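Please look over the model below before reading on.

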Amino acid sequence: MKKYIFTLLLAILTATAQGQPNQRLQQLEDFFQQQGIGVSHKQTNAIDGSITHLMHAYPNMVNLQAASFSEDISEEEKQKVIHEYDSINALRRQYFDNILDSIRITFAILGKDASENYMYEYHKNGVDTISYSLAFLGENDTLQSSRLNNLVIFGRAREAALFDYHKGYSKWFGGTEEAGNYNHSYSIPTGITWNDMQPFDTVAFNSHIQPVLKQLKKLKGAKAYPVYWRHDEGFKNDDDFIFWTTRQSEYGDNKHTGLTTGTHYLIPSQHTDEAEAIYRQLDSLAYDYVDSHPKQPYSYNYTQRFPYLNLKDIVKGHSFKDDKEFYLSCMCDEDGNYHILTLNNKGELWVPRDWQRLKSYINGERVYLKGMEPKKDE
């Protein structure tokens with residue numbers, strides 16, 4: 001591990017000399033991935049002629065504590081259990097200290113070349129706080145900053161990064177919890193103007209990801225169902241929906257109406273390995289498309305695997321000049337089944353609570369897919 005930290009330090013110094021700030025922080029993010037800490041990536045092309053990247057990671061650790069012992073356990077057995085817990089915690093401590101040291105090295109060295117930076121640490125009686133922030137300005141940037149306790153948050157910078165960390169006793173876990181929050185954002189100018197922008201091409205995008213969807217359909221038990229969700233003016237039932245947008249389209253009728261059509265792909269739970277492989281391929285193709293079409297408004301979100309119990313968008317495409325949008329969304333449900341949605345939406349997107357089992361939803365009236373009707377006690 002010390003060898004890796006030395007390599008990281010060398011890479012940071014090299015990147016500083018070459019004036020490549022993105023590479024310095026990306027080196028740290030690569031290290032997170034190698035240590036099993038997931039890094040999420042959101043990419044959006046903005047109408048101001050740039051592509052914005054947001055990277056997030058949440059390094060954390062909980063120190064295990066032996067539960068209370070029964071009266072009939074011997075002192076020897078008790079000490080054996082305590083020793084095992086101590087050994088596990090020692091390994092975790094070494095692992096997490098290496099992560100914290102790598103973060104310290106990165107922010108300390110980058111700080112001397114940053115347009116503005118802030119470093120704060122407090123350690124007393126087992127309570128620790130670390131807050132690092134730094135920003136790099138472009139030629140015409142006007143930096144904004146705000147403060148939340150000991151954390152400084154920078155805005156309107158070409159590139160900014162922060163790390164916020166707290167350590168203390170957690171009643172929830174029954175032990176010491178260490179929680180970190182890492183954020184890194186940067187913008188790349190494209191030179192594309194508002195007038196250059198074009199509607200997101202849903203036909204071309206769907207064609208681009210078809211090879212993966214065709215592969216999906218070959219799995220035993222996999223299905224493809226039509227999607228039809230509609231709510232008309234004046235209809236609203238809070239209990240019927242997972243969420244709904246409150247965005248009022250600049251180009252729509254602003255009557256809180258919405259029509260969602262598309263396809264719902266289902267992969268049964270027994271195809272875990274195949275489903276995760278399909279997810280990675282789908283993500284790769286989706287990113288390849290949006291990254292190659294910077295004139296089409298989009299937001300892209302990277303996650304390593306199917307989100308569990310939470311429908312998330314890989315890609316959201318905007319039509320740019322009206323209230324039409326496209327969504328590529330995924331989820332793994334509580335039964336281990338995998339869901340992929342390709343949705344065309346006009347107006348406001350409201351997602352029905354039973355969407356996995358629905359053939360259609362129209363103003364509160366549900367039509368269920370065959371064999372997926374709710375039981376009497378539901």
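1. Three cavities of 30 Å³ or more turn up in this predicted model. A cavity here is a set of points, on a 1 Å grid over the protein atoms alone, where a 1.4 Å probe fits but cannot get out. Points are joined across faces, edges and corners, and a volume is the space filled by probe spheres set on them. Residues are numbered from 1 along each chain as its sequence is written. Local features need pLDDT of at least 70 and side-chain atom pairs count only at pLDDT 80 or more, while totals for chains, interfaces and linings use all residues, and side-chain values use heavy atoms, with hydrogens and water left out.

2. The second largest cavity has a volume of about 40 Å³. Its lining residues (an atom within 4 Å of a point) are Trp229, Arg230, His231, Phe241, Gly258, Thr260, Glu348, Trp350 and Tyr361. Strands E10 (223-231) and E12 (258-267) each give two or more of them. E10 has the largest share, three residues. Strands are DSSP runs of E, at least two residues, and helices are runs of H or I, at least four, numbered from the N terminus.

3. What classes of residue make up that lining? Four are nonpolar, three polar and two charged. Ala, Val, Leu, Ile, Met, Phe, Trp, Tyr, Cys and Pro count as nonpolar; Asp, Glu, Lys and Arg as charged; the others, Gly among them, as polar.

4. Tyr361, one of the lining residues, stands opposite Arg366 in E19. Strands E18 (358-362) and E19 (365-368) run antiparallel, joined by four bridges. Pairing requires at least two DSSP bridges. The two strands form a hairpin with two residues between them, and Asn363 in the turn has a positive phi of about 50 degrees.

5. Of its 29 residues, Phe205, Ile314, Val315, Leu328 and Ile340 touch the most other members. Elements giving two or more residues include helix H4 (202-217), helix H5 (272-292) and strand E15 (324-332). H5 gives the most, seven.

6. Cys330 is buried at 1% relative accessibility, and Cys332 at 10%. Buried means under 20% relative accessible area, exposed over 50%, partly exposed in between, with a 1.4 Å probe and protein chains only. The whole structure has zero disulfides, taken as cysteine sulfur pairs within 2.5 Å.

Key
1 Å grid on protein atoms, 1.4 Å probe; cavity = no way out; pocket = protein on both sides within 12 Å on 5 of 7 lines; lining within 4 Å. Core = buried A, V, L, I, M, F, W, Y, C linked by side-chain atoms within 4.5 Å.
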